[in-house]
Every structure is written in C-alpha cells, then in structure tokens.
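Dear colleague,

Please find below the structure that I am handing over to you.

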Amino acid sequence: MRILLSCLQSLRRHDIPACDFWREYFIEGCREAGVEPLEVPGVDWAEGLTYSEGTGELESWKSRTWGKTLSFAREEHSRGGVDLFLGYLYPQQVEVASIKEMQRTGIPCVNFFCDNVREFRKVPEVYTTFDLHWVPEYEALSIYQQAHLPHIHAAMPCWIPKHLRSVPEREEGPAVFVGSADILRRNLFSQALEAGADFMLHGKGWASPSDEAVPFCVKKEGFLARQAAFLRRHGLSGMLSKVENKMFPLPTRKIPQPNAGRILSSKDYIRVTREAPVVLGVSRVPSPARPLRNPLKYSRLRDIEAPMLGACYLTEWTQGLDKLYDLGVEVETYRSADEMVEKLRMLSSCPKLRLELRRLGQRRALQDHNVCSSIRKIISTLQGRLS
C-alpha cells in the first residue's frame with residue numbers, strides 16, 4: 001500500500017507553533033504498518049498556515065502547492081499506484097478542485113484534524129469534499145454527525161522508536177508538566193502549587209505571563225473588520241463568551257520561580273517524560289467558543305504520547321478519555337486543582353502504583369492507539385463505503 005501524505009511538512013522554520021513532529025509520527029507510523037509513505041518533493045505544507053484567508057499570498061501558495069501535488073500524484077499513480085491521500089489540512093490549505101481531481105484520478109482523500117472543537121462551530125464547507133474524516137476528539141464527533149459526513153474516531157497519530165517502548169528503569173526529579181503557558185494552565189497550576197503540590201513546568205512562558213505562546217496567523221485588519229470576522233467564525237455564543245471574559249476575567253497568576261522550568265530539547269523532553277515520577281496533562285484550552293471560567297476541554301496528543309513513552313500519567317478528566325484508557329488503572333485523572341494535589345500525593349507515596357500505571361498505560365497506548373491501527377480503520381471504512 002502507498003499513501004501520499006500531507007502532514008505539515010516544511011522546508012524551513014515558520015513563525016507558527018512547532019509542527020515538525022507530525023511528519024515523523026505519520027511517516028514512521030506508516031512504515032511500521034507496512035505502508036509506503038509518499039511525499040511531494042519541494043512542497044512546504046506548513047507555509048500555508050502563515051497566510052490569512054483571502055490574501056494573494058495564500059492563493060499563490062495554493063496554486064504552487066496543489067499544482068505540484070497533483071502532478072506528483074498522477075505520476076505516482078500511473079507508475080505504482082497511490083492507494084490513499086491522507087492530509088492534515090487546515091481549511092485555508094484546502095483547494096477543493098484539486099481534491100476532486102485527485103478523486104477522479106482514483107485516489108480516495110482523507111483528512112485528519114485535531115483541533116475541531118477549538119477551531120470550529122461546524123465543519124468547514126471545504127472539508128465536505130473529503131471521502132473520510134479522521135476525528136481524534138470525542139467531543140468533535142457530533143459536529144461531523146450533524147453534517148452527515150463520513151468519519152472515524154481514532155486516537156491522535158503518535159509514534160515512538162522501539163528502544164523507548166519499555167518502562168524506564170529509574171525515576172528522577174519532581175512531577176512535571178511539559179507545554180507552553182496559557183492563562184488557563186497558569187491559573188490551574190498556580191492553584192495547585194498554592195495548595196501544596198510540587199512539580200516543574202517546562203515550556204515557553206512560565207517565567208513571565210508576557211512570554212506566553214500566542215496564536216499564529218494573527219490578522220491585521222481594523223477593529224470593526226476583526227469583530228465581524230470573529231462573529232462570522234464563532235457566532236453569537238462566541239461573542240458572548242468574549243464579553244463574559246472581559247467582564248469577569250480570570251486573575252493573572254504568577255508561577256513561583258523555583259517551579260518555572262525551561263524549554264526542553266527533543267532529547268530532554270523524552271528523558272523528562274520517561275523519568276519524572278509523574279507526568280501531568282491538561283485538557284482545558286482557551287477558545288472563543290467558551291468563557292475562560294467554563295473552559296473547553298478535550299483529549300490532547302499528550303494523552304497518547306506520554307503513556308507510549310512509559311510515563312506515569314495524571315491528566316485532566318474529559319469526555320472520551322475513558323474510551324482510550326481504563327481510568328485509575330492505566331492512567332490517572334483529576335477534575336480540579338485540589339484533586340490534582342490529592343492524586344499527586346497518592347502517587348508520590350506509592351512507587352508500586354506508579355510502576356503499574358506506567359506498565360499498563362504504555363501497553364494500552366502501544367497496542368490500541370498506534371498509527372497502524374488507525375490506518376487499518378481508515379482502509380476498512382473506505383472499502384465499505386467505496387465498494
């Protein structure tokens with residue numbers, strides 16, 4: 001089987017959140033599944049995220065990128081066959097005519113997207129062209145069901161090298177969270193620290209709120225144009241959430257300096273995730289769809305990645321997490337800062353329990369939530385639909 005992949009590959013670093021790991025996860029996951037991954041040479045998929053919709057720069061990028069992609073797809077399909085096009089495409093990256101042309105060539109087209117509930121109120125119109133949608137968020141299933149679009153629910157695509165597929169032999173340091181700061185994470189963790197928890201926060205922005213990560217593709221329109229665009233995208237409920245956040249803002253909290261870590265290299269990220277006694281996860285995210293005092297929550301990539309690496313994982317409960325793991329047996333969860341503190345104390349006092357969570361969580365993630373399983377599910381679903 002040969003799959004043509006568009007998974008945010010880039011030719012250079014862009015001023016957007018890190019996305020280069022997706023290529024490794026998709027490519028290596030396909031190879032392990034016995035699938036030959038194909039990539040369009042000379043195409044920078046991530047570049048499409050640096051342009052605003054409706055701009056000449058974006059249209060020029062689409063023309064170049066999809067022109068090369070169609071030419072490559074036709075050539076490879078005539079030479080050895082292309083069984084599937086699998087993309088990780090944001091709406092502004094999609095060119096409907098090119099997707100339809102690929103389908104006419106005989107190549108089914110599937111799109112993976114992992115921020116549906118954060119980005120959309122409903123499925124974008126350009127997505128309706130795809131033959132199938134890979135939806136990792138349990139909370140997002142309803143919007144695809146309401147749109148009557150074919151979809152599968154499968155875990156976030158994650159792959160780790162074979163030499164890391166074992167429980168680490170030692171533990172070192174305090175509990176950790178690895179990820180950039182935002183107002184919700186800062187608020188949650190500061191409450192837990194004030195209640196007596198002990199952990200390190202590694203990533204951008206923990207030393208100072210002004211250094212927190214900001215969304216990419218910030219638009220430069222005037223005030224009224226921005227408000228109109230916001231209303232079109234997020235609706236009246238989003239506008240009401242925005243007003244509520246201004247009227248009842250979350251307090252800006254500081255993280256004590258001893259708990260504010262650093263930005264980790266890829267090597268250190270793996271080491272810390274494996275060796276920390278407990279790895280913390282957070283499901284809540286800032287979103288225009290919800291007020292900050294009642295935030296949006298959904299399962300993230302870390303819910304697959306950390307257990308795969310053998311972490312003792314304690315994450316924030318959200319819907320659908322029990323579809324991935326046996327909670328309390330394979331991973332632990334909390335619903336508040338106080339419960340986080342309580343669970344951290346329990347895990348800190350019980351090495352045997354930490355070891356069991358590591359062992360069982362890793363086994364479940366590697367067996368059931370790998371890229372190979374998702375590809376099999378995609379192929380089976382497509383064969384049922386297209387037969």
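The model is predicted, so local features need pLDDT of at least 70 and side-chain atom pairs count only at pLDDT 80 or more, while totals for chains, interfaces and linings use all residues. Residues are numbered from 1 along each chain as its sequence is written, and side-chain values use heavy atoms, with hydrogens and water left out.

The sheet

Helices (H or I, at least four residues) and strands (E, at least two) are DSSP runs, numbered from the N terminus. Six strands form an open sheet in the order S2-S1-S3-S4-S5-S6, with parallel pairing; two strands pair if DSSP finds at least two bridges between them. Strand S2 (36–38) and strand S6 (151–153) are at the edges with a single partner strand each, so one side of each has no neighbour in the sheet. On average, neighbouring strands are turned by 25 degrees against each other, direction ignored.

Strand S3 (residues 84–88) is joined to strand S1 (residues 2–6) by 4 bridges, in parallel. Within this pairing, Leu4 has Phe85 as its bridge partner, and Leu5 stands opposite Leu86. S3 also pairs in the parallel sense with strand S4 (residues 109–112), over 4 bridges, where Gly87 is partnered by Asn111.

S3 is mostly covered, with 5 of its 5 residues buried (under 20% relative accessible area; exposed is over 50% and partly exposed lies in between, with a 1.4 Å probe and protein chains only). In a regular strand the side chains alternate between the two faces of the sheet. In S3 both faces are covered: Leu84, Leu86 and Tyr88 are buried on one side, and Phe85 and Gly87 on the other.

Helices on the sheet

S3, helix H3 (residues 96–105) and S4 make a right-handed β-α-β unit; right-handed means that, with the strands pointing away from the viewer, the path from the first strand over the helix to the second runs clockwise. H3 lies across S1, S3 and S4, at about 135 degrees to S4. Axes here are lines fitted to C-alpha atoms, for helices over the stretch in contact, and angles run from 0 to 180 degrees between N-to-C directions.

Helix H2 (56–79) and H3 pack at about 5 degrees, with their axes 10 Å apart. H2 is therefore roughly parallel to H3 (angles under 35 degrees; over 145 is roughly antiparallel, 65 to 115 roughly perpendicular and the rest oblique). Trp66, Thr69, Leu70, Ala73, Arg74 and His77 of H2 meet Ser98, Ile99, Glu101, Met102 and Thr105 of H3, contact meaning heavy atoms within 4.5 Å.

A further helix pair

Helix H11 (residues 337–348) packs against helix H12 (residues 351–368) at about 105 degrees, with the axes 6 Å apart. This makes H11 roughly perpendicular to H12. Met346, Leu347 and Ser348 of H11 form the contact with Leu353, Arg354 and Leu357 of H12.

Two loop residues

Leu8, in the loop between S1 and helix H1 (20–32), has a positive phi of about 60 degrees although it is not a glycine. Leu8 is buried, at 3% relative accessible area. His148, in the loop between helix H5 (141–146) and S6, also has a positive phi, near 60 degrees. His148 is exposed, at 71%.

With kind regards
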